[in-house]
Amino acid sequence: MNYRLLLLIIGFLCINCSSVKNPKQDDTLIVIENKFSEETVSWFKTKGNGTIKGVAKFKSISNDIKFGDEFRIELMPNCLYTEERLQNIYNSKTSGFVYVENGIPKFTPDPKGYHDTIKTMCNANGEFEFNNLPPGEYYLIAFMLWDKTGGGIMKRVKLTVGDIKTIKMINF
């Protein structure tokens, strides 16, 4: 009888310890309270003379450092919807990073217009550049995923007329 109880306790501990090492992805939808308005971010579609450039490198949970031309950078306009959504992902409205192993949240509503971003790829050295940008507040998101690891890095950037900003998107 004691042998069975001991096996039950060991089994219970093994199950709980394994769930700590590999966090379960939560399928719960996060409800965004702020509405997304394409009118509010219409400035994002205009041309300007600003530039955001930089470098993106990511260190995984297992300490592998990756960068290069297989990684995508997205630029999106700042608005209350975006702030709230990124706050839920990165626990910040200004900068942060997350690991893919910690789960990828799902949001509602998830308007199509939110995903209408400007995208570019890094070069072999992890460098990227966005040109002809109008003044405004932006979010840069670096997606650096490989072999079921990696993650994302986020930075908020403000451009004035003719600004050239150089940004490091590095989590180490």
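**View 1. T149, a buried residue in strand β10.** T149 counts as buried because its relative accessibility is 10%, and buried here means under 20% relative accessible area, with exposed being over 50% and partly exposed in between (1.4 Å probe, protein chains only). The model you are looking at is predicted, so to speak of local features pLDDT has to be at least 70, side-chain atom pairs count only at pLDDT 80 or more, and totals for chains, interfaces and linings use all residues. Residues are numbered from 1 along each chain as its sequence is written, and side-chain values use heavy atoms, with hydrogens and water left out. T149 sits in strand β10; strands (E, at least two residues) and helices (H or I, at least four) are DSSP runs, numbered from the N terminus. Setting aside neighbours within four places in sequence, T149 is in contact (heavy atoms within 4.5 Å) with S60, V100, E101 and M144. S62 is 87 residues from T149 in sequence, yet their C-alpha atoms are 8.7 Å apart.

**View 2. I61, in the loop between β2 and β3 (65-66).** Is I61 buried or partly exposed? I61 has a relative accessible area of 45%, so I61 is partly exposed. Not counting residues up to four places away in sequence, I61 touches Y99 and E101. Its C-alpha atom is 7.6 Å from that of G150, which is 89 residues away along the chain.

**View 3. The largest nonpolar core.** A nonpolar core is a set of buried Ala, Val, Leu, Ile, Met, Phe, Trp, Tyr and Cys residues joined through side-chain atoms within 4.5 Å. At least two residues each come from β2 (50-59), β4 (72-77), β8 (127-133), β9 (136-146), β10 (149-159) and β11 (164-170). The largest share, 5 residues, belongs to β9. Take a look at I52: leaving out neighbours within four places in sequence, its contacts include L75, F130, L140 and I167. There is also a second, separate core of 13 residues, with F36, C79, Y114 and Y139 among them.

**View 4. The largest pocket.** On a 1 Å grid over the protein atoms alone, a pocket is an open set of points with protein on both sides within 12 Å along at least five of seven lines, and lining residues have an atom within 4 Å of a point. The volume of the largest pocket is about 700 Å³, where grid points are joined across faces, edges and corners and a volume is the space filled by probe spheres set on the points. Which residues lie nearest its centre? Of the 31 lining residues, they are I89, V98, G103, I104 and P105. The largest share of the lining, 5 residues, comes from α2.

**View 5. Helix α2 (80-90) and what it packs against.** The buried residues of α2 are Y81, T82, E83, E84, R85, L86 and Y90. They pack against β1 (29-31), β4, β5, β6 (106-108), β9 and β10. Just after α2, N91 takes a positive phi of about 55°.

**View 6. The whole chain.** The protein chain has 2 helices and 11 strands. Of its 172 residues, 34% are buried.

Conventions
On a 1 Å grid over the protein atoms alone, a cavity is a set of points where a 1.4 Å probe fits but cannot get out, and a pocket is an open set with protein on both sides within 12 Å along at least five of seven lines; lining residues have an atom within 4 Å of a point.
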